[in-house]
Amino acid sequence: MGDLSRNDGTSIMHLPDDCLAIIFHGLDSRIDRDSFGLTCRRWLHVQDFNHRSLQFECSSTILHPSSLSTKGVDIHTIHLHRLLRRFQHLESLSLSNCRDLNDSGLTRLLSYGSNLQKLNMDCCLKVTDYGLSLVASGCPSLISISLYRCLGITDKGLETLAGACLSMKYVNLSYCSQVSDKGLKALTHRWCQLKAINISHCECISGVGFQGCSKTLAYVEAESCKLKPEGVMGIVSGGGIEYLNVSCLSWSLLGDPLPGIGFSSRLKILNFRLCRTVSDTSIVAIAKGCPLLEEWNLALCHEVGLRGWQAVGLYCQNLQRLHVNRCRNLSDNGLQALRDGCKNLSILYLNGCVRLTSVALELFKCHRASVCIKEIEIVCIKPYWEFR
């Protein structure tokens with residue numbers, strides 16, 4: 001019998017690279033994938049060629065305002081340029097919280113960013129419009145970008161990005177303090193596949209930049225914004241909005257800007273938490289105009305009165321989850337209107353409503369035993385479908 005060790009056909013080392021790539025992608029654990037590249041130089045090359053995601057250690061920290069006082073990681077110490085040269089087929093890159101990264105650190109994207117689809121640059125405080133232009137030139141295939149707290153980004157940078165990354169679907173601009181409706185307009189008019197955008201805490205955005213947006217836009221986060229009536233009409237102008245968060249709406253001399261939401265016939269989830277000045281006029285318009293509404297957060301909406309609660313009960317027949325925590329003007333009659341209507345209601349978040357009596361509450365429980373009353377207050381509500 002011959003020596004089997006001499007039979008080259010039996011050695012895994014002689015498999016072609018595409019077969020080794022299939023084996024690599026079949027490995028479930030990160031440890032196994034890392035071990036794959038330690039076998040030999042050729043297998044390391046296969047691993048590098050098939051590496052699709054890169055996240056730096058500083059990106060793993062959950063960001064919150066208090067973390068901004070801590071020192072960020074100097075991206076140059078982990079050789080971003082060398083890593084981009086090594087992993088030339090990345091589809092996802094997270095540079096989140098790399099606060100020492102500047103524009104020059106992004107130059108390698110011109111050579112190695114063509115396959116990149118997702119880019120996270122949260123809290124890259126030293127990146128400016130020039131850095132964003134490098135992203136635009138080097139990463140034309142982007143479908144998702146997060147620029148949370150990128151304080152050096154202005155409308156000019158967004159206009160450059162809008163003209164280059166035409167497949168963009170998801171963008172986060174929250175806390176970008178220098179961005180206005182001009183930059184927003186560039187994005188919403190050029191990106192015909194845009195599905196989701198976050199403009200929370202962008203003080204210079206009134207919403208008018210949304211006017212004429214694509215019908216694909218379904219998800220808008222606009223917490224703590226200074227929206228104008230025409231801005232709200234702009235948000236719903238595409239006709240595709242299914243999720244809208246306008247919680248903590250800033251007070252306006254122009255009055256309540258929210259009645260226009262009533263034109264969102266496809267709206268399913270609406271967050272009005274801490275919209276203290278929202279009026280019955282808005283509530284009635286929305287209740288009548290949004291028949292698909294499934295969840296509505298009205299916590300701390302103090303100006304909603306009996307007329308508003310009656311409209312919710314009468315027209316919101318698909319409503320499943322309703323938040324009324326600490327609503328000062330929810331009275332016994334208002335609760336009765338909800339009790340007699342909202343036929344699909346399954347959860348009522350209720351506590352701190354000072355005008356409600358225990359009798360009214362017990363009557364509600366008696367007549368609507370299937371409704372679960374929860375005394376907890378939910379700060380943030382999100383869609384039950386995924387945006388990726």
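Among contacts in the protein chain between residues at least 6 apart in sequence, what percentage join residues at least 24 apart? In this predicted model, the share is 74%. The protein chain contains 13 helices and 13 strands. Of its 388 residues, 50% count as buried. The accessible surface of the chain amounts to about 18,200 Å², and carbon and sulfur atoms account for 53% of that area.

Leu84 is classed as buried because its relative accessibility is 2%, and the cut-off for burial is under 20%. When neighbours within four places in sequence are set aside, the residues in contact with Leu84 are Leu90, Leu93, Arg108, Leu109 and Tyr112. One of these, Arg108, stands 24 residues from Leu84 along the chain, and the C-alpha atoms of Leu84 and Arg108 are 6.9 Å apart.

One cavity of 30 Å³ or more was counted. The largest cavity holds about 40 Å³ of space. Its lining includes Leu249, Ser250, Trp251 and Ser252, together with Gly255, Asp256, Pro257 and Leu258; Thr277 and Val278 also contribute to the lining. By residue class, the lining of the largest cavity consists of five nonpolar, four polar and one charged residue. Asp256 is among the lining residues, and Asp counts as charged.

Technical notes. Residues are numbered from 1 along each chain as its sequence is written. This is a predicted model: local features need pLDDT of at least 70, side-chain atom pairs count only at pLDDT 80 or more; totals for chains, interfaces and linings use all residues. Side-chain values use heavy atoms; hydrogens and water are left out. On a 1 Å grid over the protein atoms alone, a cavity is a set of points where a 1.4 Å probe fits but cannot get out, and a pocket is an open set with protein on both sides within 12 Å along at least five of seven lines; lining residues have an atom within 4 Å of a point. Grid points are joined across faces, edges and corners, and a volume is the space filled by probe spheres set on the points. Helices (H or I, at least four residues) and strands (E, at least two) are DSSP runs, numbered from the N terminus. Buried means under 20% relative accessible area, exposed over 50%, partly exposed in between (1.4 Å probe, protein chains only). Contact means heavy atoms within 4.5 Å. Accessible areas come from the Shrake-Rupley method with a 1.4 Å probe; for residues, only the protein chains shown count as cover.
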